[in-house]
Amino acid sequence: MPALITLMFLACSVVHAQGATPIGMWQTIDDHTGAPRALVEITQDANGVLSGKVIRGLIPGEPRDRRCTACTDYRKDQLIVGMIVLSGMLKDGEVWNGGQILDPENGKIYRCKMHLEKDGKELVVRGYIGISLLGRSQTWIRQTAVSTPPRQ
């Protein structure tokens, strides 16, 4: 009987892990400093395509009205808070790819792929040029409760 209970528990864990999605709120982490950078909300449209929008900056002293001055597309000089930085992501097995990610620091747009780790608590986001080997990864942390940003 204990073996059956253990087997049922493991089966439930696998089903839960397979059903996990990146939809939700994520704290981005700077891959150079390890410090929190921003909160990004990932949503899904009716076609199953994921996109991510910057909800709040987390860098102490950073102005809330900071703009993407380095952007060269339609986001040029737009506010970073409220900006779509992740777009076109589609599920492909255990990963999401086929989309793009914008780095508002340098205005560059990269191809993107991402996957969940640690039971959906971490999202590994890889931006790259050409092939995935030519890029860098960030690990984002799922946020379960997000407070309202203070007014400035």
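Which residues are linked in a network of salt bridges? Asp30, Arg37, Glu62, Arg66 and Glu105 are linked in this way, where a salt bridge is a side-chain nitrogen of Lys or Arg within 4 Å of a carboxyl oxygen of Asp or Glu.

1. Basis of the note. This is a predicted model, in which local features need pLDDT of at least 70 and side-chain atom pairs count only at pLDDT 80 or more, while totals for chains, interfaces and linings use all residues. Residues are numbered from 1 along each chain as its sequence is written, and side-chain values use heavy atoms, with hydrogens and water left out.

2. The structure holds seven salt bridges. One of them joins the side chains of Asp30 and Arg37, at 3.5 Å from N to O. Asp30 is buried, as its relative accessible area is 11% (buried means under 20% relative accessible area, exposed over 50%, and partly exposed in between, with a 1.4 Å probe and protein chains only). Arg37 counts as partly exposed because its relative accessibility is 22%. Another salt bridge brings together the side chains of Arg66 and Glu62, at 2.7 Å from N to O. Arg66 is partly exposed, with a relative accessible area of 23%.

3. The pair Arg136 and Asp103. The side chains of these two residues also meet in a salt bridge, at 3.3 Å from N to O. The pair links distant parts of the chain, since Arg136 belongs to strand 8 (residues 135-143) and Asp103 to strand 5, 33 residues apart. Helices (H or I, at least four residues) and strands (E, at least two) are DSSP runs, numbered from the N terminus. Arg136 is partly exposed at 35% relative accessibility, whereas Asp103 counts as buried at 13%.

4. Surroundings of Asp103. Strand 5, which contains Asp103, spans residues 95-103. Leaving aside residues up to four places away in sequence, Asp103 touches Lys108, Tyr110 and Arg136; contact means heavy atoms within 4.5 Å. The side chains of Asp103 and Arg136 are also joined by a polar contact of 3.3 Å. A polar contact is a pair of N or O atoms within 3.5 Å; within protein, one must be able to donate a hydrogen and the other to accept it, and residues adjacent in sequence count only if both atoms are side-chain atoms.

5. Strand pairing. Strand 4 and strand 5 pair in the antiparallel sense over five bridges, two strands being paired if DSSP finds at least two bridges between them. Leu90 has Asn97 of strand 5 as its bridge partner. The hairpin of strand 4 and strand 5 has two residues between the strands, and Gly93 there takes a positive phi near 75 degrees. Strand 5 also pairs with strand 6 in the antiparallel sense, over eight bridges. Gly99 stands opposite Cys112 in strand 6, and Cys112 is buried, with a relative accessible area of 0%. Four residues lie between strand 5 and strand 6 in their hairpin, where Gly107 in the turn has a positive phi of about 75 degrees.

6. A search of the whole structure finds one disulfide, defined as a pair of cysteine sulfur atoms within 2.5 Å. Cys68 and Cys71 form this bond, with their sulfur atoms 1.9 Å apart, and both residues are buried. The torsion about their S-S bond is about 75 degrees, so the disulfide is right-handed. Lys76 touches both Cys68 and Cys71, as well as Thr69, not counting residues up to four places away in sequence. The side chain of Lys76 reaches the backbone oxygen of Thr69 at 2.4 Å. Lys76 lies in the loop between strand 3 (50-57) and strand 4 (84-92) and is partly exposed, with a relative accessible area of 41%. The C-alpha atoms of Lys76 and Gly107 are separated by 8.3 Å, although the two residues are 31 apart along the chain.

7. The nonpolar core. The largest nonpolar core has 24 residues, and those with the most contacts inside it are Ile42, Met114, Leu123 and Trp140. Such a core is a set of buried Ala, Val, Leu, Ile, Met, Phe, Trp, Tyr and Cys residues joined through side-chain atoms within 4.5 Å. The largest share of this core, four residues, comes from strand 6. Outside the four places on either side in sequence, the contacts of Trp140 include Val40, Ile42, Ile101, Leu123 and Val125.
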